[in-house]
Amino acid sequence: MADSSRPALELRGITKKFGSVVANDRVDFDVYPGEVHALLGENGAGKSTLMSVLYGLYTPDAGEIVVDGEPVVIDSPATAIRLGIGMVHQHFMLVPVMTVAENLVLGHEPVANAGLLDLKAARESVHDLSDRYGLAVDPDATIEDVTVGTQQRVEILRALYREARILVLDEPTAVLTAQEVQELVGVLNRLKQDGTAIVFISHKLNEVLRVADRITVLRLGKKIGTVPRQGATEQSLARMVVGRDVLLSVEKSTAKPRDPILAVEDLEVRDDRDLEAVNGMSLTVRGGEIVAIAGVDGNGQQELVEAIAGLRTPRAGRIIVGGRDITGKGVKAATAAGVAHIAEDRHRRGLVLPFTLAENLALREFRRPDISRGGWLRVKHMRQRALGLLREYDVRGGNCDSYASSLSGGNQQKVAIAREIASDPELLIAHQPTRGLDVGAIEFVHKRLIEERDKGRAILLVSLEYEEVRSLADRILVICGGQVMGEFPPDASEEELGMAMTGQVAAAATSSAAGAPA
Amino acid sequence: MSVGAIAAAPARTASPRNIGRAGLVMSALAWVITLPPFLVRTPVPSVILALAAMLCGAIAAVNDERRIGIGGFLLALLALALAFGNANSGVAHLKVVFTWSILVAAMLRYATPLLFAALGGIICERSGVINIALEGMMLMGAYFGIWGADVLHSWALGCLVAMVAGALMALAHAVFSIHLRANQVVSGTGINFLAVGITGYFFIAHYGNNGTPSDISQVPNVKLPLIQHVGFFGGAIGNTNLLTWIGLALVPVLSVFLFRTRWGLRLRAVGEKPRAADTVGLPVIPIRYAAVIASGMLAALGGAYLSVGFVGSFNQNMTDGRGFIALAAVIFGRWRPAGALIATLLFGFGSALADRLPTFSQSEATLFQALPYVLTLVAVAGVIGRSRGPASAGIPYVKE
Amino acid sequence: MSTLEEETKAEALAEEEATGASLTTPARLTAYARGAGGVLVPILTTLIAFVVGGLVVLLTGHNPFSTYKAIFEGTGLQWIFPWVTGASRTTAAYNLQQTLITTTPLILVGLAVAFAFRAGLFNIGGQGQFTVGGIAAVWVGSSFAGMSPVLHITFAIVAAGLAGAAWAGIAGILKATLGVNEVISTIMLNWIAIWGGVYLFGLGGPLQDPHQKSVPVSSTVVSSAKLPVFWGNAALQGLHIGLFIALAGVVVFWVILSRTRLGYEVRATGLNPDAASYAGINVAKNYFLAMAIAGTFAGVAAAMDILGWKFNLFTNDIQGSTVGFLGIAVALLGRNTAVGVVFAALLFGGLETGTSDRFLDPSVFDPNLASNLTWMIQGLIVLLVSTDLIALKILRSGRGVRVIFKRRAKREEATA
């Protein structure tokens, strides 16, 4: 039995640098058997880096790891596993085409006589473990066919199969439904009773308060402090996480909504795997207002945005922009109707990184006669237009002949935003417009969105950040499971929004107050 | 029981996919019945079968089974044309061309080198490395196999030398694909060029313009004493090269390895999602190295079959694109050993038939040589359904 | 912490979290060409290949220096040196004509591979497109006797280009509609083209020369379809105007890619298909068009050979030709750029000519060995070009490239 007076795991003075960037700066952390110790911080605070060091994926530049009182060197996941460390990754590390049982035993396969794989034993292991911890899974199901929640269970089971005594869960609730979160909490409690030491990584305050015994806060790679759950409040934690009392907020006047510009009616969209992603959604966005779509990631945001932008053909329903029906008519039709779209991932979609800035800035509108005529590209015009935009949007670190890849993330995003706004859209879709940006760049983006709102554009903001949603939106639509759960005013509390996001709709629907939709 | 239920009952077994499959079978039948030993001399039954097959294809096609449906339809057309040709050919000619025992023996001869290379390709691609260099590795085996057999006076040592040469070439591919994170198709193309140069250079440097001597030790044939003289079987498999039998035996061995052993599971995991394999502590890079090198050895053995096994000599660039057909067989066989066997037998049969067709017409026999490639193109385009290769094939793995 | 540092950090962390598609091959090649000193790396690559080739020569008991010198003299490139005079100048001029004759189709086939590459497609089918182009050219060129030369030549070239376009277009359509990997389909189309050609011109084939029933060869191109010779003696296979057609092709290649909307769409598709479709570009259509244009280049390449100096097509030529495969090396070494392709084609054209048994002095080095040496050098060059890291290690290059590589690596494993 584990000695509960000594930490199961101690990290001492861990430092990890990426080039000139210090991702972890002398971080100390420990966790005792039978304890849940949360690691709290914003995206990019260095949580994942720290855990990758622990799991042997990164080599620390300085510091020491101590397991059960013994200093150890963890140079690979294999070593970590041998030391009893189990990891439930944020992006699950499962082989999609293999079965649950195969994934469970991978790397530690039971072998029958003649050296053949003993899949029967593997299946029995699945049954044993799932019975013991109340984690029901079908051992013969293929990973790609089961829900995200089930996949997470398989990851947990796999750690248990390896007899992990230290279990690390990296943002485990990010992709779960409310029901699944509830189940996860139950499982963690059972594991605690068994004496497992649990590291729970999250950026959600309420969740940490619900699960953890102790909480350590990281900010910009540094440890800010460790507090017991007793006595901690969301406010006190928020102060530690963000580093100041006042949360990010933008000055803005009240909206002056005009006529509806975007009307989505009973939209049904399927995802890449042909599963229902948007399930009968209706919404309206007027000119001069920002409507935010809030919800847990993977609840249909992606598919909704793609359908409106013309990248995905809906199964049913209608999308009308400025009176024109653009349902399933493709990107060109959407652009012509006045849709612009700040893409969620500027590297994958928003920019062609090896293109020059001038070429990138023409991407939305290269068919316009001043950029190309009769099939010929008017390079001079293209560059002139780019020069103007780069100046207007204060893009630094490159001129119009520089490659987009040579800019910093913030400036890249400025280029993408400049291009979309320059197309003078009726409707601007901003999908996670500040992802991965620093504070200065975030402020720029937020201000710009509000300016565009005040010019009378309709803005559909899709974001996973509470603060962004609340500071920008004039109306908040919370979605869950591809459906609108309710509408909220921007001053709705985090609890209210959180409830609705997890599908608990009863209290939410009635609290809809401001900005009644058409 | 209602009418609807009665109508629904056969509909379950007769899914569009099964109807499409039935169409494929009927297409084949339409052609086969005009051949020995059936030799139906009128095209009427074939026409009926082919029309039925086309109908099945059409039904499948309009019911969301487009690939199999269109494929069946096209195959039926082909079968119809061939059946008409047969029905209008002399029986004597047909009997000469379709001497089944000889055809089967030739099919096995043509299939053997392809089979070895395809099995190698499966291992390699299953580990996540695209191997377009099978051609070059085969060529290395072909030359160094015969060189080894000549210098060491033993076909067995020759095969060993071939495998070493193939392994070295594979090592180069592995270093570039795995460590240097090259574009694997480009580096494979480079390997193929390099192999032509190396084998050609050493061939000329060592043997000059006279070619390899004629008395080189060759891989023996296995004479099956019981059935060697027994009709069809005697002709078909009674006197078959040892390497052919080894190749055939490797098919179940590799199937079991890939799907029933722990290292097979690990290999597949590495090819599907190396990051996942890494996080459970598997050595991704060494597994990939081992797989690429094993593929080089197998492909080289296929090449050695050509020189040491079958012809007994070497000439420049003697593999002549067989590595690419093997690659096609890998895809055609959906990255499974049994599938690859079927594919290589099909290609082998095509070549065997092309060999015997000059009885009819020299020039049309030539055209027939293109058939395996057409078939592959059709197959890759998806008659047998969109085949999905290992998810991470072609993507270098970067450990942090 | 300064703003810049913050942004860099944010970027690094964004990379850490990044998910999404990996950069495509042309994206990598572009980044690599720009960062690592576009000209230096190919030269270095070539040097390494020649050194390794020289070592092989040395190990097999020959003198690499005299071998390379003899090969160089075989190319006739010493013609450019003013101190080469008299009879050796005459020989050099003749040899150089032959080198440029070989270079001409290589430029065009190189463009064929390069153009597809710019759209993100690996066109291994240059050989097949070249073959069908040759078939079309020889058929048109040997028929329609009595046409005016300008018309006849144009007709033959257009036919060859269209044939190449159609052949490559098959791979393009399969890629665009069914997602068939173009590497596999173009390899298969190569063989189908080759056997098709052997059938057409083989004994008893429908297009075999009716005047010589026992020879597997096409009919001969009539004089009205022959390309005029502008340097050297037409009877001794002087240099034909195809060289200018090839150079015009280079200009067309550059203009399409840099100055037309189509080129813009093709490049966007090649560098980032997701971003292209996000911008409303029809990726599938561009795959098809890029392949068709690539095939046109390869088809015209064959017309240059047929109308310029070969005048007929033996089945052996069809089976033994490697021009299309050389095009891969040409394009890759030339970085898929217009100018790069010209120089790479000249290099390989020189190697082909310099190592052929007609121009290499057999007392110095056996041409049969030398032609295999060419294969080796070519293989090494392609192999070395396949990885951008070697270049990166040799030349510590600009920041942009390194960022891209880091990002690519991260992203690839995120998608892996």
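Which residue stands opposite A:L460 in β20(A), on the side of A:I429? A:I429 stands opposite A:L460 in β20(A).

Figure 1. The structure shown is a predicted model, in which local features need pLDDT of at least 70, side-chain atom pairs count only at pLDDT 80 or more, and totals for chains, interfaces and linings use all residues. Residues are numbered from 1 along each chain as its sequence is written, and chains are lettered from A and ligands numbered from 1 in the order in which they are written. Strand β19 (residues 427–431) of chain A pairs with β20 (residues 458–463) of chain A in the parallel sense over 5 bridges; two strands count as paired if DSSP finds at least two bridges between them. A:A430 has A:L461 as its bridge partner in β20(A). β13(A) also runs parallel to β20(A), and 5 bridges join them. Here A:V291 stands opposite A:L460.

**Figure 2. Burial of β20(A).** Of the 6 residues in β20(A), 6 are buried (20 or more other C-beta atoms within 10 Å of the residue's own; exposed means 12 or fewer, and partly exposed lies in between, with C-beta atoms placed from the backbone). In a regular strand the side chains alternate between the two faces of the sheet. A:A458, A:L460 and A:V462 are buried on one side of β20(A), and A:I459, A:L461 and A:S463 are buried on the other.

Figure 3. Strands (E, at least two residues) and helices (H or I, at least four) are DSSP runs numbered from the N terminus.

**Figure 4. The side of chain C that touches chain B.** The contact takes 46 residues from chain C and 48 residues from chain B, where two residues are in contact if their C-beta atoms, placed from the backbone, lie within 7 Å. On the side of chain C, α16(C) gives the largest share, 12 residues. The residues on this side divide into 29 nonpolar, 14 polar and 3 charged. Nonpolar covers Ala, Val, Leu, Ile, Met, Phe, Trp, Tyr, Cys and Pro; charged covers Asp, Glu, Lys and Arg; the others, Gly among them, are polar.

**Figure 5. Confidence along chain C.** The average pLDDT of chain C is 84, and 84% of the residues score at least 70; pLDDT is the predictor's confidence in each residue, from 0 to 100. Over residues 1–22 of chain C, pLDDT stays under 50, and the model has 51 contacts beyond four places in sequence for them. For the model, ipTM is 0.83 and pTM is 0.84.
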